[in-house]
Amino acid sequence: MSTSSVSKGCFVFKPSSKKRRISSSTADYFSEGKNDSEDSGLRFATCQLLWKQINSETEKIQEELNKQLFDNLISFLRQSYSEFQTKKTEWMCRMKSSEIPTAALVLGVNVTDHDVTFKSLSEVLQDNVTPYVVSLQAKECPGIKHLLQKLMGQLMDCCVDVDSFEEEECVNISQKKIRCSMASLSKWYESVTKKTGSETPSKKITSSSRHWQSPPIVVIFKDMESFTTKVLQDFIVISSQHIHEFPLVLIFGIATSPMIIHRLLPHSVSSLLCIELFQSLSCKEHLATVIDKLLLTTQFPFKLSEKVLQVLINIFLYHDFSVQNFIKGFQLSVVEHFYSQPLSVLCCQLLEAKKRVNSLSHNQCENIRSLPSFRRYVESQVSEKQIALLTEDSFLKEVTQTLLEDLHIYHENYFTVLRCLHVFTTSLPKYPLGKQIRELHCACLGKSVWETEEYGSTVQLLRMLAKDELVAILQKCVEIFISSSGKQFSNTVEKLEEFLARFQNLEAETNEVQDVSVSSQKELQKKTDLYHLQKTLLELKESKRSKKLTKFEMLRFEVVDFIDSLVRSYLAPAEMQTLNEVVYFNTANTLREHLNAAPRIALHTALNNPYCYLKNQTLKSDVGCISNTAPDICIVYKLHLECGRLINLVDWLEAFSTVVTAVEGTDPDSMATDQVDEIIHARFIRAVSELELLGFIKPSKQKTDHVARLTWGGC
Amino acid sequence: MPNFEHPEYPEATLLHLESMVPCRESQVSSLLSIFGERQHFSFPSIFIYGHTSSGKTYVMQTLLETLELPHVFVNCVECFTSRLLLEEILTQLQSLSSENKHDSHVPCDTFNDFVRLFKQEIITQDLQNQTVYIVLDKAEQLREMEANMLPGFLRLQEMTDRNVTVIFLSEIVWELFRPNTGCLEPFTLYFPDYSIVCRDLKELRHLAALNFTKYCEPVVRGEANERDTRRLWKNIESHLKKAMQTVYLREISSSQWERIQQDDGEPGHLKGLSAHAHVELPYYSKFLLIAAYLASYNPARTDKRFFLKHHGKIKKTNFLKKHEKTSNHLLGPKPFPLDRLLAILYSIVDNKVAPTANIFSQITSLVTLQLLTLVGHDDQLDGPKYKCTVSLDFIRAIARTVNFDIIKYLYDFL
């Protein structure tokens, strides 16, 4: 391991395997610094298991959501492929077959999600259509040469994947250094397809059962916007000349709008393409499905509190539109919850949780007793029970089991009634409680929804619903209640069905009421002179106010009151539930710090108030005054905040030295000489260059001995 | 009596040739006279230019194939490096004679190698006694290759001392090719457009192919005969117009057009590519884009007037400088620094925006979406500059979704 060498150079030392420390497993991190009485191992296992379940569920959701799009794409491939196969000699077909079939796939601006979509797309294509799927990224293809290299490299690889007995030959090709031209590509395609054609029948069945006879080569341009015009144009022009030799299909992944095709390609090039448009599900709908399947269900014991959910949704709506990031945020919440909350060990399926309660340690019992929601519960009990709860672990465990069951039932009811209320609120104009169910969910989670203004206006609007609408909504509600898992809603369903029946009986009676109103209208038309007209109008108004409500209106009131009572009894905020801390993750701040970090603010805090991070008592200082105990860079930073755009270095140095020597040299007169101490000077220069490194200032050429401030604010 | 006369070739071949190249007789006959007899030396290089689809490639291919002249036909777009181009020429030369089918790959890196290998190949192929033609299609690409390629090909006859003629096909004039170091001038030949009306024969053929069945419909139904052109035209006119607005612009694809025709439906329900111009963006991305647009099209000194609540008195005459007025949108977007973008963003968003990492990454993703472009170097860390590349219509649509009256904030529309 000597580094002696005649010339300068870099030396690489690979770490020897013996010295390598045995890396601690993730589980160890989980229990780091904590005693095991808090079940950290079990928590970790629970967390892992839960996340596995959630993850497979999200994958399932994504698969379902993409299915429609992928089916359309495959049928497009099949169609363009069949045209290539038949090779009709007809004039028209010859014209058309000279165009490259192209699918413009509009995926939306959430670029981070695209990778997953493309990955599953190429898997689907490889499973059902063709082994020859190539994905290209703009940054890999700065020139046409790189593009073709990438293209052929991926194609040759997938030929190894499909028929492993060809491996030898493929190695030969790659050793020979592939000539990257379309001609060699078409030669390769010919050889590959011919080989599969001349195979023995038994082999043929295995390979062609999944793929089509002469499978098309699908080239996916993942990020169309980032490709340079030249590369795309050249590629299209070149491949259009070989389109008769092998079936080629292009897929353009577009994030913005399909207009980009016209912007990137001139007419002479786009005329070589036969473009069809495909649009993926909008990311908002995607998110709605994810929330519906992951959060608004009792399937998973883990829940997000209102604030946490709001943080995640805000990041989605305000910043990135990325469902993947949302799920990542959700994952972080899961991990954080199981990591920080010792009682999260009970955050599992009800039966399992009940079992676990029995084996809780004394420490954990104390943890339960210190939960705010549990303390509230204790206070509401009679005094003997209070004492028992606080002193006897076994009694506590018993009660905890029933409380957990209550919590479970609460959730079952909550989601059903929430969906029911959502049916009502979406039929209202201007959606006072939000259009999406997630908005309604947030409103109910945070506080008692019936105390809010929005709920008041919702109820008022509900009282004005037309009959047809009301009946339709009620029918939907009945469906929701019937399909819900909770059995305690049989009464509710009965009640709703009774309402529906009464609405039907009403029909005859409403006709009569209409007659009355019509007659009064006729009377109104008779009056011609102004005085009388006014008088009758006033009378009508009076009568309307005092008029007894029609039967329909009475019934409508009843229905709305009934719904109101449902909301009040079942949609109580989660925070009010005893033991909610076990399943709800509610430290929104941690999540925000991790997911929506503010580097500039953190930097400013660190420099302006070093105590915040260093936690050194001597650094505690009043706002506005500059302590000389702070690190030099903090002093320099604070001083520079008081300057304008250009900072005079000499003044700055003087101010710095004044601050630094303020306490050290208690006698300012002895330092009165203009000469600044050399050490202080050096410290100043170091601090200033650190600030420059951090990007707060830069040297300026406008004035000598001045630096320019790069941030604004201050004076 | 054929138009073409040449002692070398039989009359039947010439007649056949004539039938193959309508409207290009004069060009073909001059080419024939230039080529001369098989063993004659011809011009070292011929430069043929004309617009898109004026028949350059087709005429050359037909001419060389019908007369069975030894030739090599290479597309310069396809062979994007000089190495590929030279190797392609040599490979094609190898396969000229049918008995020589071994098709081995000849590595050829430089023009010097090419000249040597070319001479060898001519001898092995026994082609010394006739002119070999090398046709370089899309010769514009040669200008982007090594500087010696074009002059080399122009002098190939002299350098190889063989009977060879290089033919360049190009859409642009020779003057744009001429290297400033000087070279052997080729013989230039112009292919005019087929007619004044038709600019692009390929497109005409494309549209005709797509609409021919529709055109024939009255004849098939027996309502008109083939000669009744007026009537047939009337039938097809509106249909063609629709095709010109959609298929011609590649708004909808030809197969989609066909499907519409089969269903006899209106193309109205099928939206073209441009109909999907709407882009959905996250809330802050919308404001970032609006801020970028304002920064790109407003002079920086007017920011005070637009974004400060109490901007004090700004003299109107001073503010509205004549030459700046209305010209900003004509001049296009101007670059602006990151800080100005953020400052405008903070003042146009109603609630407080924290400068989080997400905001900065949103700016970067707007750049990757090509809605903003980074001006200058990519690696410039302090004070990067951007330009906003979206159109006024686009930004107005975006602004409408967040209830922001962007026109009020644009200097040009004051």
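**View 1. Confidence in chain B of the predicted model.** Within chain B, helix α11(B) has the highest confidence, at 94, whereas helix α13 (residues 316–319) has the lowest, at a mean of 57. Helices (H or I, at least four residues) are DSSP runs, numbered from the N terminus. For the complex, the predictor gives an ipTM of 0.87 and a pTM of 0.82. This is a predicted model, in which local features need pLDDT of at least 70 and side-chain atom pairs count only at pLDDT 80 or more, while totals for chains, interfaces and linings use all residues. Residues are numbered from 1 along each chain as its sequence is written, chains are lettered from A in the order in which they are written, and side-chain values use heavy atoms, with hydrogens and water left out.

**View 2. The interface of chain B and chain A.** In contact (heavy atoms within 4.5 Å) are 58 residues of chain B and 59 residues of chain A. The area buried between the two chains (accessible area, 1.4 Å probe, lost on being put together and summed over both) is about 5100 Å², and carbon and sulfur atoms give 60% of this. On the side of chain B, the residues that lose the most area to chain A are Glu78(B), Phe80(B) and Leu273(B), together 13% of what that side buries.

**View 3. Salt bridges across the interface.** The rule for a salt bridge (a side-chain nitrogen of Lys or Arg within 4 Å of a carboxyl oxygen of Asp or Glu) finds three across the interface of chain B and chain A. One pair in a salt bridge is Arg600(A) with Asp339(B), whose closest N and O atoms are 4.0 Å apart.

**View 4. An aromatic pair in chain B.** Phe114(B) and Phe153(B) form an edge-to-face pair, with 6.0 Å centre to centre and 65 degrees between the planes. Rings of Phe, Tyr and Trp (its six-membered ring) pair if their centres lie within 6.5 Å, and planes over 60 degrees apart count as edge-to-face. Phe114(B) belongs to helix α5 (residues 111–124) and Phe153(B) to helix α6 (residues 149–154), so the pair ties together parts 39 residues apart in sequence.

View 5. Chain A has a mean pLDDT of 81, and 80% of its residues reach 70 or more. The pLDDT is below 50 over residues 160–177 of chain A, and under 50 over residues 198–208 of chain A. Where pLDDT is low, the predicted coordinates should not be read in detail.

How values were computed. pLDDT = per-residue confidence, 0-100. Helix = DSSP H or I, 4+ residues; strand = E, 2+ residues; numbered from the N terminus. Phe/Tyr/Trp six-rings, centres within 6.5 Å; stacked < 30°, edge-to-face > 60°.
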